Amino acid sequence: MLLDRDGTLVEDVPFNGDPEKVRPLPGVRAALDRLRAAGLRLGVVTNQSGVARGLFSGSQMAAVHARVEQLLGPFGTWRVCPHEDADGCGCRKPAPGLVWAAAADLGTVPARCVVVGDIGRDVVAAAAAGAAGVLVPTAVTRAEEVAAAAWTAVDLPAAVEEILRRQAAVTPAAVAPWPVSGGGRGTVVVVRADSVGDVLVTGPAVRAVAAGADRVVLVCGPRGRAAADLLPGVDEVIEHPLPWIDPVPAPVDPAEMRGLVGRLAAVGADEAVIFTSFHQSPLPMALLLRMAGVPRVAAISDDYPGSLLDVRHRVPPGVPEPERALSLAAAAGYGLPADEEPTLHLRPEAVPPSPVGPPGYVVLHPGSSVPSRACPPEVAVGIGRALVDAGHRVVVTGTPAERELTAAVAGAGGVDLGGRTGLAELAGVIADAAAVVVGNTGPAHLAAAVGTPVVSLFAPTVPFGQWAPYRVPTVRLGDPTAACRDTRAATCPVPGHPCLAGIQPADVVAALRLLGVTPDRAAAGVAVTATGGSAR
Ligand SMILES: [Zn+2]
């Protein structure tokens with residue numbers, strides 16, 4: 001847990017160099033002691049430009065920090081940026097330097113940290129480091145900062161309550177012994193229909209199940225199949241359209257449903273865990289699994305499940321999709337091994353080498369499977385030109401249907417791979433990139449799964465807190481207050497698509513700088529080293 005100082009732990013007294021003026025905010029001491037009791041390590045990350053401005057001395061600041069510890073208890077590290085914005089340092093929030101340094105001080109990585117602060121700079125720094133960030137707004141917090149935040153709480157005690165709740169939710173429940181043959185928990189069917197991104201964000205939960213099961217069979221739909229083939233822990237994939245999930249569903253065909261029940265029965269599963277988004281029902285699949293003879297079924301369901309579910313799990317809104325899925329796995333008794341990061345991963349052997357090189361280029365993926373989540377083509381073209389002009393080596397990716405778009409976007413000097421990569425090849429291209437510029441679509445989650453930082457051109461049609469690239473360095477762009485917010489619209493309902501049309505190409509260049517991605521075209525251009533990738 002990394003905490004901002006002024007306005008989060010203590011009252012914000014501008015440029016305070018006087019220990020007598022340190023006033024803890026209400027409930028903070030007790031909240032910090034809860035964290036300490038739960039075994040969490042604590043650090044402080046704070047901008048103190050008063051040092052650079054000569055408004056107080058280093059020793060005065062040390063006296064203030066000693067007073068904070070006297071009142072609030074010890075912290076494992078203090079990381080302070082003494083600079084001003086004009087210094088262009090890498091530590092002044094929203095830059096992520098303090099978060100990286102404090103995480104290292106505490107013997108961990110940002111992906112395992114939560115940062116709590118009272119202004120946008122705090123949570124932007126958290127995301128840019130790949131940590132979770134909680135905004136605890138005060139009277140000075142701007143409304144746009146609140147709207148852009150992935151996670152907000154009314155104050156630090158409330159943030160701590162939710163942090164501990166989410167941690168407990170992914171801790172495996174003790175489940176009653178289940179009679180299966182063999183040493184593990186037998187064969188488990190996991191279900192995640194829908195698209196590539198949905199399957200990828202379920203990856204950590206699938207790995208948790210795999211850690212406890214003898215064998216994992218993943219049921220997916222045609223649109224998620226390519227991602228299913230990349231997930232670690234999956235022994236077999238069953239692909240079948242599910243008409244109650246697909247956005248453009250075919251009529252229910254009884255013969256096909258009977259066929260699916262037959263395939264499920266042939267698995268001989270001991271158990272099933274059905275993963276869904278909050279607006280999807282697991283119950284039709286639960287019924288088919290029962291008809292296939294699966295004795296134990298777990299799912300998240302607000303709807304009454306009758307005898308369809310043995311484990312009926314509930315999740316409050318706002319939880320990131322990977323954690324939502326992990327909490328269902330935990331309710332069914334499955335957890336990730338303690339030494340495994342809760343981040344997205346791919347099977348390394350399934351990812352081919354990038355056909356372009358050398359590494360360090362910027363991938364620009366302008367399209368989206370959902371139109372409302374792609375920025376207008378002219379904006380994408382402008383971003384491509386700005387990246388090239390700034391000296392970045394640019395690789396443009398897209399599906400075969402997006403070839404016209406990728407050609408236009410690459411026109412300013414990027415390499416056009418539009419239509420030339422399947423999902424696995426795209427993962428290889430992204431893995432060698434310094435960063436990816438992409439909307440809220442499958443390749444953003446692919447980037448998270450290969451650890452490549454993301455400039456997220458995020459349409460607010462769905463909550464950022466649930467669908468942001470998970471625990472990978474990310475900068476969010478786009479208007480979080482646009483009228484399409486939380487509409488789930490597949491096609492933008494607002495004339496002019498303002499949430500993404502307002503993105504300035506210079507903002508993308510600045511976002512890359514915040515992520516530590518600097519232009520390197522002078523070093524080498526991008527060369528196509530192989531014709532890899534399919535032309536599907
Ligand atoms: Zn600094």
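Q: Which side chain makes a polar contact with the side chain of His 313?
A: In this predicted model, local features need pLDDT of at least 70 and side-chain atom pairs count only at pLDDT 80 or more, while totals for chains, interfaces and linings use all residues. Residues are numbered from 1 along each chain as its sequence is written, and side-chain values use heavy atoms, leaving out hydrogens and water. A polar contact is a pair of N or O atoms within 3.5 Å; within protein, one must be able to donate a hydrogen and the other to accept it, and residues adjacent in sequence count only if both atoms are side-chain atoms. At 2.9 Å, the side chain of His 313 has such a contact with the side chain of Ser 327.

Q: Is His 313 buried or exposed?
A: His 313 is found in strand 11 (residues 311-313); helices (H or I, at least four residues) and strands (E, at least two) are DSSP runs, numbered from the N terminus. Contact means heavy atoms within 4.5 Å, and His 313 touches Ala 299, Ile 300, Ser 301, Ser 327, Leu 328 and Ala 331, not counting residues up to four places away in sequence. Buried means under 20% relative accessible area, exposed over 50% and partly exposed in between (1.4 Å probe, protein chains only). Because its relative accessibility is 14%, His 313 counts as buried.

Q: Which strand pairs with strand 4 over 4 bridges?
A: Two strands pair if DSSP finds at least two bridges between them. Strand 1 (residues 2-3) pairs with strand 4 in the parallel sense over 2 bridges, with Leu 2 opposite Val 115. Both faces of strand 4 (residues 114-117) are covered, with Val 114 and Val 116 buried on one side and Val 115 and Gly 117 on the other. Val 114 stands opposite Ala 132, and the parallel partner over 4 bridges is strand 5.

Q: How many residues of helix 8 are buried?
A: The buried residues of helix 8 (residues 203-212) are Gly 203, Pro 204, Ala 205, Val 206, Arg 207, Ala 208 and Val 209. They pack against strand 6, helix 7, strand 7 (215-220) and helix 12 (321-331). Helix 8 is mostly covered, and of its 10 residues the number buried is 7.

Q: What is the volume of the largest pocket?
A: On a 1 Å grid over the protein atoms alone, a cavity is a set of points where a 1.4 Å probe fits but cannot get out, and a pocket is an open set with protein on both sides within 12 Å along at least five of seven lines; lining residues have an atom within 4 Å of a point. Grid points are joined across faces, edges and corners, and a volume is the space filled by probe spheres set on the points. For the largest pocket, this volume is about 1,100 Å³.

Q: Which residues lie closest to the centre of the largest pocket?
A: Helix 7, helix 15 (423-431) and helix 16 (442-450) each supply at least two residues of the lining. Ala, Val, Leu, Ile, Met, Phe, Trp, Tyr, Cys and Pro count as nonpolar, Asp, Glu, Lys and Arg as charged, and the others, Gly among them, as polar; the lining of the largest pocket divides into 16 nonpolar, 19 polar and 7 charged residues. Of the 42 lining residues, the closest to the centre are Ser 195, Val 196, Arg 223, Ser 369 and Thr 441.

Q: Which helix gives the most to the lining of the second largest cavity?
A: The second largest cavity has a volume of about 50 Å³. Its lining consists of Arg 192, Val 201, Thr 202, Phe 275, Thr 276, Glu 321, Arg 324 and Ala 325. With 3 residues, the element that gives the most to this lining is helix 12.

Q: What is omega for the cis peptide bond between Lys 93 and Pro 94?
A: Most residues other than glycine have a negative phi, and most peptide bonds are trans. Pro 94 is found in the loop between strand 3 (77-81) and helix 3 (97-105). The bond that joins Lys 93 and Pro 94 is cis, and its omega is about 20°.

Q: What is the phi of Asp 194?
A: Asp 194 is in the loop between strand 6 (187-191) and helix 7 (196-201). Because its relative accessibility is 12%, Asp 194 counts as buried. Although Asp 194 is not a glycine, its phi is positive, at about 80°.
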